[in-house]
Every structure is written in C-alpha cells, then in structure tokens.
Amino acid sequence: MQIQPILAALRRHKAGTILIALQIALTLAIVCNALFIINQRLSHLSEQSGVDEPNLFVIRNMWGEQYSTQQAVQHIEEDVAALRQVPGVQDVSAVNNYPFGPSTWDNFITMKPDQLSPTTDASFYTGDENFVRTLGLKLIAGRDFRADEIQDKGLRDSIVPAVAIISKAMADKLYPNGDALGKTFYAMTSSPITIVGIVDVLHRQDVSSWSASYLGESMITPIRIAMPWGLTYVVRAKPGQLEEAMHAAPKALFAENRMRMIDPKDGLLSFAEVRHRAFEKDRGMAILMGIICVVLLAITGAGIVGLTSFWVGQRRRQIGVRRALGATHRDILHYFMTENLLISLGGVAIGVLLTFGLNLWLVTRFTLNLLPVTYVLAGIVILLLLGQGAVLAPALRASRVPPIEATRPA
Amino acid sequence: MFAYYSQLGLRSLRRNPMLTALMVMAIGFGVAASMITYSVFRAVSGDPIPEKSAQLFMPEIDSWGPQQNEHGEPPGALNYVDAMALLRAHQASRMTLIYQVMQTVLPHEANAVPSASTGYAVTADFFTMFNVTFQYGSGWSTADDDARAADVVITDAFNQRMFGGANSVGQKITLSGHDYRIVGVTRHWDPSPRFYDVWSEAGFDNPPDFYFLLNRALDLHTDNAGRNSCRGRITYNGWDQYLQSNCVWLMPWVELDTAAEVTRYHQFLEAYSADQQRAGRFAWAPNVRLPDVMKWLDVREVVPPESRISLVVALSFFVICLVNTIGLLLAKFMRRAGEIGVRRALGATRHEIYAQYLVEAAAVGLAGGVLGLLLTTAGMSGVGLLFEPEVARLAHLDLSLIGMTLMAAIFATVAAAFYPAWRAAQVQPAWQLKSN
C-alpha cells in the first residue's frame, strides 16, 4: 500500500482531516484521564476495613436525655446486656466510631512528649475488652485488652490510656524494624502509651483525601465512651443471622429503655450499608466518568463513520476509475483503512500531549496522581481500534463501488 | 427570508437523516452532560448570601503558632479565650459566635419518645447579621444575651414538626431536659453552602432546627457537636479546663460595612495578637486573617473537587461533540455543493448562502437542545447516583437551566457552523455547473 497518494488526497480534504484528528486527540485526552479517575476511585471501593463485614452492624444510639458519666456507664452496661440476649447476636462492643464511620476522631502521634511536628496521625478508636473480638480484627501480635484496663470517659475528660492496640500500618510507621510490640508512643498525651497488641488491618474512620498518606493507621484505646449524648454499638451477628439480629436489636434496646433515639435514616446500618455510604462519591464519580467515556467513544466513532461516508460518496467516481484500472476490492478497502490509520496516528500524537496537559492540570488543581503511561498506551490502542472499526463499514461500501461508476458523471 | 431559511433548514433535517441524527445526538449528549454537572456546580459554588457576602467577615487568629498551625495558616476557628475576648472588645458593628449543638426533644405527652434535633448556639446579632427573616416573633436582644435568657428561635420546618406550623411564639419547648421559651419562628432560611459553619462541616448538610443563646449553652456545659481541633498535649480535665485549652471550635463572624472598618478591624486583630504575644500567651508574631464570605468559602474549598472535575470533563466532552458537529455539518453542507451552485447561479449572494446555512445549523442546534433537555431532565433524577445525597439534593432543573440548555445548544451549533457555512458560501457556481 502506497502512502504517498493517500497523503496527497488528504491534502485536498484538509478541514475534514484536521477535524477527525482533533476529535481523536481530544477524545484520547478525556478518555485516558477519565479511565484513570475511574481506576483511582474504584481502588478506594476495595479498601480493606479489616473487620468482619458480612456479619457486622452498627447502632448509633443517642440518649433521650443528658446523662452524667455515671448514669451513662450504667445505661451502656444495661444496653450491652440487653443486646447480648438478642437471638442471633454473637458479640457487642461499645465504641466511639467504626471504620468508614460518619465522623472522625484522630490524634497526632509523636515519639517523644515534647516533639512538635508529629510522626504521623492515627485514627482514634475507643473500645472495651470486646472490641477486637466483636469487630473480628486479626490480632497478629501481643494481646487483647483486659477488662480491668477499660476506663470510662465522660464529657471533656482527658483520659490517658496506658496501653493501646494499633494497626500494623501504624506499627510499621512508628517502628519500621517490626519491633513495635511493647514500645511506646504519645498521642497528644503527656505520658507514654504502650503498644500491647497489633492487629493486621483496621481502616481509619474517614475515607477523605487528606488522610490518604495515613491510610490504615489506627489505634484502639481501652476507653468506654460515657458522653452525655450517646455512643455507638457495633454488633456482630452469628453467621447468616444478620437480618434477624438487626431487626430484633433496636426493639430489645427500646424495650429495655425507651428514652433513646436511633435515627431512622442512619441509626441502624449493616456494615454493607456503611461501606456503600462511605464510597458514594467515589462510585458516583466512576459512574459519571464511565458514562462520559462510553458516550464519547460512541460519538467519536459515529463522527468518523459520518465523515468517511461523505468522502466515499464524494469519491465514487475516482473509486470507479481505480477499479476500472485494475484495483481490487481489497485495494479500495485498504486505501480507506490506511487513510484512517494515518489520520488517527496524527490525532493520537497530538492527543498524547493533550492527555498529559490535562493530567498536569488535574494534578496541580485537584491533587490527582500522575497518569501512568499504560493508560495512554491503552487509550491509543482503543482509539486506533475505534477508528478502524468505524471506518470499516464505509470502506466496505467503497470497495463495492463498481468500475462502471467511472463512466458516470459525478 | 429568515422564515424561509428556517423552513429550508427544518426540511433539510429530514434529508440525510443519519447525519442529522448523529449531530443532534452529539449536541444533545454534550449539552446534557454539561448542564447536569453545571446544575450541581451552580448549587455548590453560588453566593449563599449575595446581598451581604461582602460585608461579613470571618476573623482568624493564629493561636497555634508557626510550628503547629496549618502550613502557616491560622486555624479556621477560635478557642474559647480568644473568641470571648473578641466578643467583649465590641470592635465591629455586629458580631456573633457560633457553635453546633445537638439536643433531644421530648414532646409533653406521656409515652412520647424523644427525637433528635440539631441547632446552633449563637449570639443576638446572628439574626440581623445574616438577614434571617421571621414568620412569627423575632430574635433576642443583646440584653437577653447578657441576661443569659432561656430563649430559643426555631425554624419553620421544626415549628411544623413540633407545633403543626401554628404560631408557637411564647410556647415552651424542652431541649435535652431544659425548658426554653420560643421567641421567634424563622421563615425558610437555608443558605447553601451554610457559609457560617463550613469550618465544622461540608456546608451542605440538612438545615438546623433551632438557634439558642450561646451564653446559656456554655452555662449548661452544652458540648460542641461540630468539629473540635486541638494541638500539642491535651491536658484539660473537665469542662472548665477545656474552655481554657488551645482547642478551637467557636466560629466568629463580624459585620463590617466599609473598607475603612475592615482595615480598622484587621488592625485590631493584629493589635490583639500583639498583646497576647506581649502577655506571653503567644510566642509568635501576629498572624491574622479576615476573609469575607466568598473568600472564606474558597479558603475552605467548599466546592467538592468531584463537582469541579465532572464539570470540566463534561465541558470538554461538549467541545468534542462540537468538533464532531463541525465535521458532520461540513459533510452535510458540501454534499449539496451542486444545489448551492445552482442557487448561486440564479443570483443568490454569498451572504445569503451563508445566512441560510447558519439558520439550518440553528435548526440542528434547536433539535439537539430539545434532546439535551430531555436527557438533562432524565439525568437530573440520576444525580443522586453520581453525587453525595447532601449535594445532589441541591441540584434542580429550573427555568434558567432549561433556557440555558436550549441557548447553549443553539449558540454552540451556530458557532460550529461558521466554518462549514463559509465553505458552502465559497462554492464556485461555474465549477459546480460545469461538473454536472
């Protein structure tokens, strides 16, 4: 196949050629970046919580009146006892929050008490002796809390825990040599906290982008939250009995003490719903970018079909002449396929520049990551295939132009 | 002539139905994607209080110092000590302090179950500063602030929920075990974003139920339900020590009506910080800010990045659709080169050809706009799938959006047709006639 005559012919269709190339270039830029955004967002969706998600649910319980610390402690104990009686319930823990939860507690972590710039930032969980067991965390070193270590924390009490269980991610950050167990750290406290246990994975409470560099860094302190307004219960159901337990648990709580509030919208959530809500933004973004990619590729493909069809219509006579002079169906087909390939190659060449330009802008403006080259390569392949696919039908039609066309007026 | 061209244009839509459909779809999808994302962007990026946003300022004082603040910026709220000092100084024509609270409401019937309510502890100026209008009654006075009155202002929605919408001024309501007297019921007032609380939350959550006196809330140790941020070692124990800590949680707002007042207030903040430095409370030079509402929303990055990125991507998508349309219009117009040649030979000027094809493009644009409107309407119901519920609830289709959809489609298509129509007008009549 000779390229020279194709180029010569393209020079007579400058506008159309430029438009197709430009469209391919812009499409490449958008599709690559959109695919990258989709991938980044979807990778959030698969972030591990570390907890036994299929069997967990949470009850965000608010007291109907303001309790003193002592009253709150008493009511929590009654609630936990009531929840344990519910058929299908295996374990209960009174907590401040849970992974992917609605609000976030986090503390700066330092290695020394007077250190000004923090070593890291950890999500701060408070939990009783049932926390690790109820959430189904995997303790990979050390021990769980003992019942006598649990302290009650009332309104604006600063309780300094003596011990903590931390996630492996946090242990690795504080003690990269892997010897964190038994060592100490400070969490905005004036006395050191000793690491008595390490759990494999425990996600932070938040999923926001500011904490991305502290991913998975969490600490559990032996504290029971006895605030005046309420707390959260994490309940683990026996396998396969989540629904029954979720149905019965709030009833049991209200039967025991009706002076409480469990929000009908988000007071009672299975962990599947917790995860669903936490990543709503990411999922939405991925869906939107996905729709835009698909429609964009369809429109670009359709545009190529339209313009090539027009060219074929315009050149029927020339095609007829070539056929009359001995060109085969295949020659004509190849002509249009090659023509499209040349335009597409020109388009993707400009497109690569646009892609990185757009990416750089997104990086500076929205702290997106740098686009890996694989995305651009994949985008190029997609667009070249799209171009070839789109041109196929008009090219086939062109190849079927009979040689007799040469004798007809245009 | 215009009517005739419009007729020709509409008729030609039916010719090459494939090409026409392609163009209409490209424009429709492009404009719909842009409008759906724009409706969300518009909802989150607007001025929440346009009549006053340039007179309301958020004083910021660096109480953490260069080693603990946020990259040189002061924390976005005040600790109790600084907040009270500013309030007592009376240096602005109006000032309020705000923090978020959560209270339980217990109806008076027996067997009633409590329900949750959210609100703000504020000072008297809140209502006048932010132009809150009242359905019944009014806010309270500064004298009430000093008297630590058990007054509460409730919102129309809360009044509906608790009193069926009747005039409840003078009635009693029990919030978390304490009785309050209702002094006012506001009209619907839900600035979006809720500019005065964007430090504490995203700014698009559900509106509050009530506002009560900050002084009394502090007396009752009503804890902050919003954000709280501390630095260094946390050593306080109990409420009183907490108030003296470096934790920031109170959101101050001042009203300053002239540029001179703004300068003066800024100087006051500097002088206050310098005093604190001299007194040994701050070990650093004054570092203060005084942004107005729009600047503050910008600083807090209230517009979700998702909204911006999706708008940018959707607009780029629209641009590609237009490039596509230019190509297709070119094909559509040039296919009729013979016809143009005849018309030119019969005396039509270039100008007339040009006008005719632009009108024809406008017809394509109109069709695309109508399709875009249908797609936008359909897409608006899917906004909940794409954005968080708090943000999605703000996006809605109104007359201006409908107008914009149609206008954007028509103008964009006509702009896209400039080049193809120019090419059509350049057709040489003699050449066309000869080749036929």
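Helices here are DSSP runs of H or I with at least four residues, and strands are runs of E with at least two, both numbered from the N terminus. The legends below describe a predicted model.

**Figure 1. Transmembrane spans annotated in chain B.** The unreviewed UniProt entry marks residues 21-41, 309-333, 354-387 and 399-422 of chain B as "transmembrane region". Residues 354-387 of chain B are 91% helix and 0% strand, with 44 Å between the end C-alpha atoms. For residues 309-333 of chain B, the figures are 100% helix and 0% strand, and the end C-alpha atoms lie 36 Å apart.

**Figure 2. Helix H11 of chain B.** H11(B) is made of 30 residues. From its first C-alpha to its last, H11(B) reaches 43 Å, close to the 44 Å expected at 1.5 Å a residue. The helix is mostly covered, with 23 of its 30 residues buried.

**Figure 3. Contact between chain B and chain A.** Chain B gives 53 residues to this contact and chain A gives 52. On the side of chain B that touches chain A, the elements with two or more residues are H2, strand E3 (94-105), strand E4 (115-122), helix H8 (239-243), helix H11 (305-334) and helix H14 (383-386) of chain B. H11(B) supplies the largest share of that side, 18 residues. By class, the side of chain B that touches chain A holds 31 nonpolar, 17 polar and five charged residues.

**Figure 4. The two domains of chain B and their contact.** In the domain assignment of chain B, domain 1 takes in 2-47 + 304-435 and domain 2 takes in 78-86 + 95-256. Taken over C-alpha atoms, the centres of these two domains of chain B are 50 Å apart. Five residues from domain 1 of chain B and five residues from domain 2 of chain B make up the contact. Helix H2 (17-45) and helix H15 (389-392) of chain B are the elements that give two or more residues to the domain 1 side. That side of domain 1 of chain B consists of four nonpolar residues, no polar residues and one charged residue.

**Figure 5. The two domains of chain A.** The domain assignment of chain A places 4-45 + 281-407 in domain 1 and 65-258 in domain 2. Their centres, taken over C-alpha atoms, are separated by 54 Å.

Figure 6. Residues 18-38 of chain A are 100% helix and 0% strand, with end C-alpha atoms 30 Å apart. Residues 285-313 of chain A are 100% helix and 0% strand, and here the end C-alpha atoms lie 42 Å apart. The unreviewed UniProt entry also places "domain: ABC3 transporter permease C-terminal" at residues 291-403 of chain A. The chain over residues 291-403 of chain A is 87% helix and 0% strand, and its end C-alpha atoms are 44 Å apart.

**Figure 7. Nonpolar cores.** The largest nonpolar core has 130 residues, and of these Phe57(A) and Val235(A) touch the most other members. E3(B) provides the largest share of this core, seven residues. Leaving aside residues up to four places away in sequence, Phe57(A) touches Val235(A), Ala237(A), Leu242(A), Met246(A), Leu268(A), Leu269(A), Ser270(A) and Phe271(A). A second, separate core has 113 residues, including Leu19(A), Ile27(B), Val359(B) and Leu386(B).

Terms used. Residues are numbered from 1 along each chain as its sequence is written. Chains are lettered from A and ligands numbered from 1 in the order in which they are written. This is a predicted model: local features need pLDDT of at least 70, side-chain atom pairs count only at pLDDT 80 or more; totals for chains, interfaces and linings use all residues. Domain bounds come from an automatic or database domain assignment. Two residues are in contact if their C-beta atoms, placed from the backbone, lie within 7 Å. Ala, Val, Leu, Ile, Met, Phe, Trp, Tyr, Cys and Pro count as nonpolar, Asp, Glu, Lys and Arg as charged, and the others, Gly among them, as polar. UniProt positions are given in the numbering used here, feature names are shortened, and annotations may be inferred rather than shown by experiment. A nonpolar core is a set of buried Ala, Val, Leu, Ile, Met, Phe, Trp, Tyr and Cys residues joined through C-beta atoms within 7 Å. A residue is buried if 20 or more other C-beta atoms lie within 10 Å of its own, exposed if 12 or fewer, and partly exposed in between; C-beta atoms are placed from the backbone. The expected span of a helix is 1.5 Å times one less than its number of residues.
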